[in-house]
Amino acid sequence: MRFNVIQPGPIKTKGAFSRLDPTGAFEKEMVSRIPCGRLGTVEELANLAAFLCSDYASWINGAVIRFDGGEEVFISGEFNSLQKVTKEQWDTMEELIRKTKGS
């Protein structure tokens with residue numbers, strides 16, 4: 001027997017999104033928190049489940065597979081506000097770092 005868990009993030013389905021987000025406003029906000037830049041699909045989730053049930057995954061047991069495009073890891077980091085840094089600001093920081101001795 002194998003026991004694995006799929007921990008899905010937002011998966012776009014017609015039924016759920018037509019009821020929970022009929023205007024599409026929440027979808028845009030959700031996508032902004034996902035490093036992959038999009039929602040998951042039913043097909044991707046089905047492919048992962050099929051793989052976990054297959055002989056190819058016979059050595060995987062007791063796993064929790066986070067299937068969220070990187071959302072959970074992204075929103076739990078303390079440096080995530082660095083995504084707001086502009087390219088010019090990154091260039092300035094790099095310049096300062098390179099001028100520091102011993103770096």
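This is a predicted model: local features need pLDDT of at least 70, side-chain atom pairs count only at pLDDT 80 or more; totals for chains, interfaces and linings use all residues.
A total of 8 salt bridges was counted. In one of them, the side chains of Glu-71 and Arg-33 meet at an N to O distance of 2.8 Å. Glu-71 belongs to helix 4 and Arg-33 to the loop between helix 2 and helix 3 (42–53), so this pair ties together parts that lie 38 residues apart in sequence. Glu-71 is buried, with a relative accessibility of 9%, whereas Arg-33 is partly exposed at 27%.

Asp-91 is partly exposed, at 34% relative accessibility, while Lys-87 is exposed, at 57%. Lys-99 forms a salt bridge with Glu-95, with 3.9 Å between the closest N and O atoms, and both of these residues are exposed. Salt bridges with shared partners also join Glu-29, Arg-33 and Glu-71 into one network.

A nonpolar surface patch is formed by Phe-79, Leu-82, Trp-90, Met-93 and Ile-97, which together have about 500 Å² of accessible area. Within this group, Phe-79 is located in the loop between helix 4 (71–75) and helix 5 (87–99) and is exposed, with a relative accessible area of 57%.

Val-31 is situated in helix 2 (residues 25–32) and is partly exposed, its relative accessible area being 22%. Beyond its neighbours within four places in sequence, Val-31 contacts Gly-37, Arg-38 and Leu-39. The C-alpha atoms of Val-31 and Gly-69 are 9.6 Å apart, with the two residues 38 residues apart in sequence.

Notes:
Residues are numbered from 1 along each chain as its sequence is written. Side-chain values use heavy atoms; hydrogens and water are left out. Patches are made of residues with over 30% relative accessible area and no salt bridge: like charges are joined within 9 Å, nonpolar side chains (Val, Leu, Ile, Met, Phe, Trp, Tyr) within 5 Å. Accessible areas come from the Shrake-Rupley method with a 1.4 Å probe; for residues, only the protein chains shown count as cover. A salt bridge is a side-chain nitrogen of Lys or Arg within 4 Å of a carboxyl oxygen of Asp or Glu. Helices (H or I, at least four residues) and strands (E, at least two) are DSSP runs, numbered from the N terminus. Buried means under 20% relative accessible area, exposed over 50%, partly exposed in between (1.4 Å probe, protein chains only). Contact means heavy atoms within 4.5 Å.
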